[in-house]
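Q: I'd like to learn how to read a structure like this one, feature by feature. Can we put it up and start with a single residue?

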Amino acid sequence: ALVLGCTAIAEGNLIGYTCMDGTNPFFVTLEAAIREVVEANGDELISLDPQNSNEKQIAQIEDLISQGIVAMFVNPVDRDGIIAGLDKLKEAGIPMFGFDTEVADMSYLVSYAGSDNKNAGYVCGLDLVAKCPDGGNIIVLDSPTMQSVVDRTDGFLEAIEGKGFTVVSQIDCMGNQEQ
């Protein structure tokens with residue numbers, strides 16, 4: 001049996017997985033690691049990529065519920081917008097496990113695994129200050145609908161404040177490396 005948080009699941013079940021962008025190398029690696037554990041326990045992981053679309057993510061969650069999933073790994077495209085999908089999972093009695101990006105109401109989740117994103121951005125900002133003590137012009141690539149990215153950007157900007165850096169542009173890359 002696979003144990004997720006405090007929930008034991010019998011073998012041979014379908015488990016859902018959704019992340020904001022399945023082409024992002026971070027999520028590719030994470031999905032592979034989750035798949036390995038799920039399959040080693042005799043279960044099947046169904047992964048869907050909403051391609052940074054909240055509407056598509058909600059529709060995919062509905063599809064996963066109709067396929068009979070017994071648990072769901074969730075990384076929201078939009079921390080607030082995902083609540084409609086979480087409501088559907090809750091109504092179906094499906095436990096939800098969040099990762100990387102918090103949802104607006106964490107009480108939906110059985111567990112959550114993620115970093116302190118603001119501190120991660122702050123540490124990156126301190127590193128830039130150490131490497132470029134004279135400051136300079138920078139472009140910030142962010143994604144304002146993704147809370148994890150917003151937190152990292154906030155931490156980064158806080159760390160470089162007053163250190164001689166000028167943000168000449170801040171561009172929404174939608175969390176996608178190609179963008």
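A: Start with T18, which is buried at a relative accessible area of 1%. Buried means under 20% relative accessible area, exposed means over 50%, and partly exposed is in between (1.4 Å probe, protein chains only). Bear in mind that this is a predicted model, where local features need pLDDT of at least 70 and side-chain atom pairs count only at pLDDT 80 or more, while totals for chains, interfaces and linings use all residues. Residues are numbered from 1 along each chain as its sequence is written, and side-chain values use heavy atoms, with hydrogens and water left out.

Q: Where is the place of T18?
A: Helices (H or I, at least four residues) and strands (E, at least two) are DSSP runs, numbered from the N terminus. T18 belongs to strand β3, which covers residues 14-18.

Q: Which residues does T18 touch, leaving out those up to four places away in sequence?
A: A contact means heavy atoms within 4.5 Å. By that test T18 touches L48, P50, Q57, Q60, M72, F73, V74, N75 and F99.

Q: What polar contact joins the side chain of T18 to another?
A: A polar contact is a pair of N or O atoms within 3.5 Å; within protein, one must be able to donate a hydrogen and the other to accept it, and residues adjacent in sequence count only if both atoms are side-chain atoms. Here the partner is the side chain of Q57, at 2.9 Å.

Q: Zooming out, how many helices and strands does the chain have?
A: Five helices and nine strands. Read from the N terminus, their order is β-β-β-α-β-α-β-α-β-β-α-β-α-β. The C-alpha atoms fill a box of roughly 60 × 30 × 30 Å along the principal axes.

Q: What percentage of the residues is buried?
A: Of the chain's 179 residues, 39% count as buried. As for contacts with a separation of 6 or more, 68% come from residues 24 or more positions apart.

Q: How many disulfides does a search of the whole structure find?
A: A disulfide is a pair of cysteine sulfur atoms within 2.5 Å. The search finds zero. C124 is in none, and its nearest cysteine sulfur, that of C132, is 13 Å away. C132 is likewise in no disulfide.

Q: How exposed are C124 and C132?
A: C124 is partly exposed, with a relative accessible area of 48%. C132 is partly exposed too, at 31%.
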